[in-house]
Amino acid sequence: MTQTASALSQDATAAIVEALNQSVAETAVTTMLAQNFHWNVTGMGFGPLHDLFQKIYEDHFIGQDDLAERIKALDGHAEGTLAGMLKRSKVSEDSGHGTDKDMIAALLTAQETLASTLAGCGEIAANYADTLTEDLCIARGQIHEKFAWILRSHLR
C-alpha cells in the first residue's frame with residue numbers, strides 16, 4: 001500500500017532521508033562542478049560547452065532544491081553545509097584546469113554517479129512504499145542519464 005510522508009514509520013523516514021541527503025550532496029557538488037567548468041572551459045568547443053555546462057548547473061540547482069524539499073516534507077533535516085556535502089558525496093570537486101575533454105569526462109562520471117545514487121534512493125523509497133519519493137528519484141535519475149548520454153556523445 002502506498003504511503004504518504006506522514007504515514008511512514010520512523011525507520012522508513014530515516015532511511016529515505018539519509019538516501020535523499022546523499023542525492024542532495026552529490027547534486028550540489030555536481031552543480032558546482034558544472035559551474036566551475038562553465039567558467040573555465042576553453043578551446044574550439046567553448047561556445048557549445050559553455051552553454052551545456054550552464055544548462056546542467058541550472059537544472060541541478062533546481063534538482064537539489066526539489067530533493068531537499070522532499071526531505072523537509074518527510075520532516076527530516078536537509079544537509080545544508082558545503083563541508084557536509086563534500087564529505088558525503090561520491091562526486092569529487094575539480095580544479096577546472098583540465099582540457100575540455102577532461103571536463104566532459106568528469107561531468108559524465110558525475111552524471112552516472114548521480115543516476116546510480118538516485119536509482120538506489122528510489123529503491124529504498126519503493127521498499128517502504130513511498131511512491132512520491134520514488135517518483136522524484138526516477139525523474140531526477142532520468143535527467144542525469146540524459147545528461148550522461150549528451151556528455152558521452154561529445155567524447156566519441
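Predicted model: local features only at pLDDT ≥ 70, side-chain atom pairs only at ≥ 80, totals over all residues.
Residues are numbered from 1 along each chain as its sequence is written, and side-chain values use heavy atoms, with hydrogens and water left out.

Helix α2 spans residues 46-73 and helix α4 spans residues 100-127; helices are DSSP runs (H or I, at least four residues), numbered from the N terminus. Their axes come within 13 Å and cross at roughly 25°, which makes α2 roughly parallel to α4. Axes here are lines fitted to C-alpha atoms, for helices over the stretch in contact, and angles run from 0 to 180 degrees between N-to-C directions. Angles under 35 degrees count as roughly parallel, over 145 as roughly antiparallel, 65 to 115 as roughly perpendicular and the rest as oblique.

On the α2 side, the contact (heavy atoms within 4.5 Å) is formed by Leu49, Phe53, Ile56, His60 and Leu67. Their partners in α4 are Asp100, Met103, Ile104, Leu107, Gln111, Leu114 and Leu118. By class, the contact of α2 with α4 comprises nine nonpolar, two polar and one charged residues. In this scheme Ala, Val, Leu, Ile, Met, Phe, Trp, Tyr, Cys and Pro are nonpolar, Asp, Glu, Lys and Arg are charged, and the others, Gly among them, are polar.

## Packing of α2 against α5

Helix α5 covers residues 131-154, and its axis comes within 11 Å of that of α2, at a crossing angle of roughly 165°. The two helices are therefore roughly antiparallel to each other, and the crossing of α2 and α5 is left-handed.

Residues of α2 in this contact include Leu49, Phe53, Ile56, His60 and Leu67, each of which also meets α4. Leu52, Lys55, Asp59, Gly63, Asp66 and Arg70 of α2 likewise meet α5. From α5, the contact involves Leu132, Thr133, Leu136, Arg140, Ile143, His144, Phe147, Ile150, Leu151 and His154. The residues of the contact of α2 with α5 divide into eleven nonpolar, five polar and five charged.

## Packing of α1 against α4

Helix α1 runs over residues 10-40. The axes of α1 and α4 come within 9 Å and cross at roughly 165°, so α1 and α4 are roughly antiparallel to each other. The crossing of α1 with α4 is left-handed, and the contact of α1 with α4 contains 16 nonpolar, eight polar and one charged residues.

Gln10 lies in α1 and is exposed, with a relative accessible area of 72%; exposed means over 50%, buried under 20% and partly exposed in between (1.4 Å probe, protein chains only). The C-alpha atoms of Gln10 and Leu74 are separated by 9.9 Å, although these residues are 64 residues apart along the chain. Asn36, also in α1, is buried at a relative accessible area of 13%. Leaving aside residues up to four places away in sequence, Asn36 touches Asp94, Ser95 and Gly96.

## Cysteines

A search of the whole structure finds zero disulfides, a disulfide being a pair of cysteine sulfur atoms within 2.5 Å. Cys121 is in no disulfide, and the nearest cysteine sulfur, that of Cys137, is 3.4 Å away. Cys137 is likewise in no disulfide, its nearest cysteine sulfur being that of Cys121. Cys121 counts as buried at 1% relative accessibility, and Cys137 is buried with a relative accessible area of 2%.

## Loops and helix α3

Most residues other than glycine have a negative phi. Asp75, in the loop between α2 and α3, has a positive phi near 65°. Asp75 is exposed, with a relative accessible area of 71%. In the loop between α4 and α5, Ala129 has a positive phi of about 60° although it is not a glycine.

Helix α3 (residues 82-88) contains Lys87, which is exposed with a relative accessible area of 76%. Lys87 and Thr113 are 26 residues apart in sequence and 15 Å apart in space, C-alpha to C-alpha.

Conventions
Left-handed = near helix turned anticlockwise from the far one by under 90°.
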